[in-house]
Amino acid sequence: MTETSDASRRGFLAGAAAFTLVTLAPGVTLRVAAQETTPAGKTRAVRWGILIDAGACSPDCNACVDACATEFGLARHDRPQSDPQWIRKVTVTDPDSGNSKSFPVMCQHCEHPPCVDVCPTGASFKRADGIVLVDRHICIGCRYCIMACPYEARNFVHEDIVDQKPYAPRGKGTAEACTMCVHRVDEGRTPACVDACAGTGHKAMLFGDLNDPDSEISKRVATFGATRLRADLRTNPGVRYQGL
Amino acid sequence: MDEFDLNAPPPLSALTIAFATLFYVAAAILLLGLFVQTVRMVYRVARSGRIDVPETPADASLAGRAVRLASEVFLLRSTFFSDRWAWIFGAAFHFGLFLVLARHLRYFIEPAWIGPLWKVVVLVQPFGFYGGIALPLGAGAWWIRQAWLRDHRLLDSRVDRVVLALLIAIPLVGYVNNYIHTDIVAVKAFMVGLLTFDWKPLPSDPVLLLHLWLVALLMILLPFSRLLLLIPLGRMLHVPGLLGGGPGSWRRKSNVVWAAAVLLLAMLGPPAVIAAAQVVKDGIRPAPGFAGLVAGHSTEDSTVMIRFHPKFLLSFRTMVVHHGEQTTSDNIERCVSCHAVNGADGTPVGYNDPQHFCGSCHFRNAVTIDCFECHNSRIPKQEATLPSTTRFAALRPRASTEGSARP
C-alpha cells in the first residue's frame with residue numbers, strides 16, 4: 001500500500017498544525033488548538049474510502065444518484081450538457097461474453113489527484129484524510145481540473161444557485177465534485193449514497209477507513225482484493241471496486 | 001436582534017463634542033471661503049469682460065464654446081497640449097481625488113435619501129480605492145517635478161505647500177484606516193449625525209482621528225490657498241493670488257500670518273489634545289479581552305464583531321475546509337441561521353432584502369460581498385441551530401497569547 005509511505009509525512013504535518021496562530025489584525029491573534037477537538041482521525045493517517053461491489057449493484061437501481069441529488073440539492077434543468085452530476089451510473093459490457101456490469105462512478109478521491117496537480121490557484125486540494133475538495137473561495141473557474149480528471153468526476157456550475165444546503169455551499173462559476181459527503185463523515189455518519197444503497201438492500205457500497213486494518217472495508221479489500229479504475233495512471237483512488 | 005442594538009445612545013464624550021465642533025467650524029470656513037472666492041471670480045470676469053480660460057480654438061457657436069470650456073475644466077485640455085507631464089500627474093491627482101470623494105459619499109449619505117442613485121455610490125467603491133492610490137502619487141510626482149525644474153512659481157505660498165502636503169498625507173493615513181479595520185459603521189453614524197444635528201459618538205481610533213483632524217485642517221486652509229479655485233489659466237496653477245493683489249503678496253503681511261496662525265491653533269489645538277488624551281485612556285484598540293467569540297459574542301465589545309467578522313469568517317473557512325474541523329459549528333451558516341430575520345411570509349428573508357442581518361448593514365455602508373453567491377443567505381433558525389463551541393475563544397492581544405500554555 002502506498003498510503004503507508006506517506007504516514008510519516010502526515011504525522012509531521014499533523015504536528016505542525018496542532019497549534020495554529022491566525023493573525024487577525026496587528027496585535028490580535030486567533031489561537032486554535034486543533035488536535036484535541038478534532039474528530040477521530042482527522043489529522044492522523046486516516047484514509048476514507050468506499051468499496052463498491054459491482055456484483056451487488058443492480059442496473060435498474062438509481063438510489064445512490066438520487067440520494068446525492070437530494071443531499072446536495074442538485075437541481076436539474078433538463079440540460080444534460082451542463083446539469084450537475086456528482087455521481088453517475090455506468091454500465092460496461094464485455095463484447096465477447098456479453099457480460100454486463102452496472103456500478104456508480106464519482107470522484108475517486110485519489111491519493112495523487114490530477115485535479116490538484118493542475119489547479120493553478122490551489123483551490124483543488126486533498127484533505128489529510130484523503131478527501132479531495134474544491135475551495136470555492138480560491139477557485140477561479142478555469143476548469144483545468146475538469147479536463148485533468150480521468151474519471152470525468154468534476155463539474156462546472158453553469159447556473160445561478162439559490163437556497164443551497166447550509167452544509168454544502170455551491171456557486172456559479174466554480175468547479176465542484178463529490179465531497180464524499182464530508183459534512184456527514186465529519187459527524188461520524190456515512191455518505192448519503194452509501195446510506196441509500198444500504199436502504200435498498202443491495203448493500204453494494206461500503207464506507208470506511210482504508211488505513212485501519214481492523215475496519216470492514218480493509219478486511220474485505222485484503223480478503224477479496226479490489227480494482228482501482230485506471231490503475232495504470234497510478235492515482236491510487238480511495239474508491240475501489242469489486243466484481244469488475 | 002435586541003442584543004445587537006448598536007444605536008443605544010451612549011453619553012457623548014469630550015472627543016465627540018470637540019470633533020463635531022471642529023467640523024462645523026471647518027465646514028463653515030470652507031463654504032464661506034468658496035462663496036467669497038466665487039464672488040471674486042464672478043466680479044473679476046464681469047469687470048474684465050472675459051473669462052480666464054482659453055476658449056480658442058473653438059467653434060464660435062455657444063455650444064462650441066461650451067464644449068471647449070468643458071474640455072478645459074474637466075479634461076485640463078490646455079495643460080495637455082502645453083505640458084504633458086504636468087497633465088499626466090495632474091490628471092492622476094484630480095481624477096483620483098474625484099473618485100476618492102465619490103467613494104466617501106457612503107459616509108455622508110443614507111441610501112434612503114437618494115433612492116436608486118445609491119447604486120452609483122456602491123458602484124464607485126472599488127474605483128475610489130484605486131483613485132486613492134493615484135491621488136497621492138500624482139500630487140507627489142507633480143510636486144517633485146516642480147521642485148526638480150526649480151519652478152516654484154506655481155506653489156508660491158506656504159499655505160499652498162501645506163495644502164498639497166495634506167492632500168498627499170490624508171489618503172495615506174486613510175489606507176492605514178483601511179488596513180486596521182476602523183469601525184466604519186460608527187464613523188458613518190457620526191458623520192450622518194453631524195449632517196442631521198443628531199450627534200453620535202466618534203470612535204477613539206488614533207488613525208481615524210488623525211485622518212479626520214488632517215481633513216479638518218485641509219478644510220480650513222483650502223480657502224486661503226489658490227488650490228481651491230476651480231479654473232485653470234494656461235500654464236498657471238488655477239487662478240493666482242485672489243487673496244491679494246498678485247501671487248503671494250498677502251504672505252508678506254506678517255501680522256496677518258501671525259493672527260491666522262493663532263486662530264488656527266485655537267481651532268485645531270483643543271480637539272488634538274482631547275483626542276490624544278482619549279487615545280491614551282482607551283489604548284490602541286481592540287483593548288478589551290475578548291473571551292468567547294461565538295458563544296456570547298454580543299455581550300462583548302460589539303465593535304470587535306463589526307470590524308473583524310470578515311477575518312473571523314475566513315479563519316473559520318480555513319479551519320473547516322482545509323483543516324477538516326467540525327463543519328457543523330462556527331461557520332457562516334451558523335451566523336446566518338442565528339441572525340435570521342423572518343419576512344412577511346414567516347420564512348427568513350434573503351440577502352437582497354433590506355431587513356437581512358448582513359444585507360442591511362452592507363447595503364447601508366456600500367460594502368459589496370459575494371458570500372451569498374455560494375452560501376445560503378436564508379436559513380431558518382430551527383434547521384441549523386447548531387451546538388456552540390468555544391474553540392475560537394482565545395482571542396487576546398498577542399502579547400498575552402504567545403508563550404502561554406495551550407488551553
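The model is predicted: local features need pLDDT of at least 70, side-chain atom pairs count only at pLDDT 80 or more, and totals for chains, interfaces and linings use all residues. Residues are numbered from 1 along each chain as its sequence is written, chains are lettered from A in the order in which they are written, and side-chain values use heavy atoms, without hydrogens and water.

**Chain B overall**
- Chain B has 14 helices and two strands, taken as DSSP runs (helices H or I, at least four residues; strands E, at least two).
- Of its 407 residues, 42% are buried (under 20% relative accessible area, with exposed over 50% and partly exposed in between; 1.4 Å probe, protein chains only).
- Among chain B contacts (heavy atoms within 4.5 Å) between residues at least 6 apart in sequence, 69% join residues at least 24 apart.

**Cysteines**
- The whole structure holds zero disulfides (cysteine sulfur atoms within 2.5 Å).
- C115(A) is buried at 9% relative accessibility. Its closest cysteine sulfur, in C145(A), lies 6.3 Å away, too far for a bond.
- C181(A) is also buried, at 6%. Its sulfur is 6.1 Å from the closest cysteine sulfur, in C193(A), again too far for a bond.

**Surface of chain B**
- V39(B) sits in helix α1, residues 14–48. It is partly exposed, at 42% relative accessibility.
- Chain B exposes about 21700 Å², of which carbon and sulfur atoms supply 69% (Shrake-Rupley method, 1.4 Å probe; for residues, only the protein chains shown count as cover).
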